[in-house]
Amino acid sequence: MLYDDKGAVVGVATGDMGIGRDGKPTDRYQRGMELRGKYTVIAEGARGSLAKGLIAKFGLDKGRQPQKYGIGIKELWDIDPANHVPGRVLHTQGWPLSESGSGGGGFLYHQANNQVALGFVTTLDYANPYVYPFEEFQRWKQHPEIRKVLEGGKRVSYGARAINEGGWQAVPRLCFPGGVLAGCSAGFVNVPRIKGSHTAMKSGMLAAEAIAAAIAAGRENDALDEYDAAVRSSWIADELKLVQNAEPLAAKFSGDLFGSALANIDMWLRYLKLPSVKPMKHHTDASALQRAD
């Protein structure tokens, strides 16, 4: 990050190129570029290095719950037309992670052209140090209901990413002198729906509106409190507040069906605006890990 003499963010700098193993410039050395602006939008995904540094520097997570994470692995398959049901959506929870006291679940969506998108999310607060998210995904694909869809098919692409799972109570303050946090840098994932693109895009739109208005008023490199307020009064907040206890309740009961049932009850009570459990606290993912012995 680039800061002015008052500590406000004024842009970002790319890394230097042509650095040798000894940390010294080589004959291919090229200085990084400085990208300066009146405001900087940090939208580098879950647990980005710049976002982590800014959250710590400006204390943006003060009074918030710790962010929690999962690893999501996704694949796209061409399958036998006989196994394809256009529009079918399947969500799963429990097995095989429940066997190790871990949490997470899978999804399988029947798309157009005899394709399915499937994936598996493992929450990173597992106690068992031998849990291997990739292998758990492979086990999940061997379940009879999943295997029969994939039988005779072919995987055509795959990928993985980190996912924010902390919910609304883990969203930090969204502005700091000279910039804002948007998208998964702030953590707007709706965990039960396994969706966050829509909230991320909306936060970017609200950031753009706040920045445009500030620049039009002759401002620069100050804190856009109006952006933070806009997000917290938007449908992003309304949606995430409805599901903010889903992950804590599931985690409290090691991802089993009882925790899921309680989470569903809480979501419905919130949806119907009836008395429900107050926003629950989190433990950090790392604190849940136990020694192998």
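This report covers the core, aromatic contacts, backbone exceptions, salt bridges and one surface patch of a predicted model.

## Basis

The model is predicted: local features need pLDDT of at least 70, side-chain atom pairs count only at pLDDT 80 or more, and totals for chains, interfaces and linings use all residues. Residues are numbered from 1 along each chain as its sequence is written, and side-chain values use heavy atoms, with hydrogens and water left out.

Helices (H or I, at least four residues) and strands (E, at least two) are DSSP runs, numbered from the N terminus. Buried means under 20% relative accessible area, exposed means over 50%, and partly exposed lies in between (1.4 Å probe, protein chains only).

## Nonpolar core

The largest nonpolar core has 28 residues. Such a core is a set of buried Ala, Val, Leu, Ile, Met, Phe, Trp, Tyr and Cys residues joined through side-chain atoms within 4.5 Å. Trp168, Leu181, Phe188, Tyr227 and Val231 have the most contacts inside it. Two or more residues each come from α1, β12, β13 (179–181), α4 (197–216), α5 (225–232) and α6 (235–242). Helix α4 gives the largest share, 5 residues. In soluble globular proteins, nonpolar side chains tend to be buried together.

## Aromatic pairs

The structure holds 6 aromatic pairs. Rings of Phe, Tyr and Trp (its six-membered ring) pair if their centres lie within 6.5 Å; planes under 30 degrees apart count as stacked, over 60 as edge-to-face and the rest as tilted. Phe58 and Phe176 are stacked because their ring centres are 5.6 Å apart and their planes meet at 15°. This pair links distant parts of the chain: Phe58 is in helix α1 (residues 49–58) and Phe176 in strand β12 (residues 175–176), 118 residues apart. Phe58 is partly exposed, at 25% relative accessible area. Phe176 is buried, at 0%.

Phe120 and Phe137 also form a stacked pair, 6.2 Å centre to centre with 15° between the planes. Phe120 belongs to strand β10 (residues 115–123) and Phe137 to helix α2 (residues 133–141), 17 residues apart. Both are buried. With Trp140, Phe120 and Phe137 form one aromatic cluster.

## Charges over rings

A charge sits over a ring if NZ of Lys or CZ of Arg is within 6 Å of the ring centre and within 35 degrees of the ring normal. The charged end of Lys141 sits over the ring of Phe137, 4.9 Å from its centre. The charged end of Lys57 is placed over the ring of Tyr3, 4.7 Å from its centre.

## Backbone exceptions

Most residues other than glycine have a negative phi, and most peptide bonds are trans. Trp95 and Pro96 are joined by a cis peptide bond, with omega about 0°. Pro96 lies in the loop between β8 (89–93) and β9 (104–110).

Ile194 has a positive phi, near 55°. This residue is in the loop between β13 and α4, and is partly exposed at 28% relative accessibility. Asn221 also has a positive phi, about 55°, although it is not a glycine. Asn221 lies in the loop between α4 and α5. Its relative accessible area is 14%, so Asn221 counts as buried.

## Salt bridges

The structure holds 15 salt bridges. The criterion is a side-chain nitrogen of Lys or Arg within 4 Å of a carboxyl oxygen of Asp or Glu. Arg139 bridges to Glu136, with the closest N and O atoms 3.2 Å apart. Both lie in helix α2, 3 residues apart, about one turn of the helix. Arg139 is partly exposed at 31%, whereas Glu136 is buried at 9%.

Arg147 bridges to Glu151, with the closest N and O atoms 3.2 Å apart. Arg147 is partly exposed at 38%, and Glu151 is partly exposed at 45%. Arg219 and Asp222 meet in a salt bridge of 2.8 Å, N to O. Arg219 is partly exposed at 25%. Asp222 is partly exposed at 25%.

## Surface patch

Trp268, Tyr271, Leu272 and Leu274 make a nonpolar surface patch of about 490 Å². Patches are made of residues with over 30% relative accessible area and no salt bridge: like charges are joined within 9 Å, nonpolar side chains (Val, Leu, Ile, Met, Phe, Trp, Tyr) within 5 Å. Accessible areas come from the Shrake-Rupley method with a 1.4 Å probe; for residues, only the protein chains shown count as cover. Leu272 is in the loop between α8 (257–271) and α9 (285–288).
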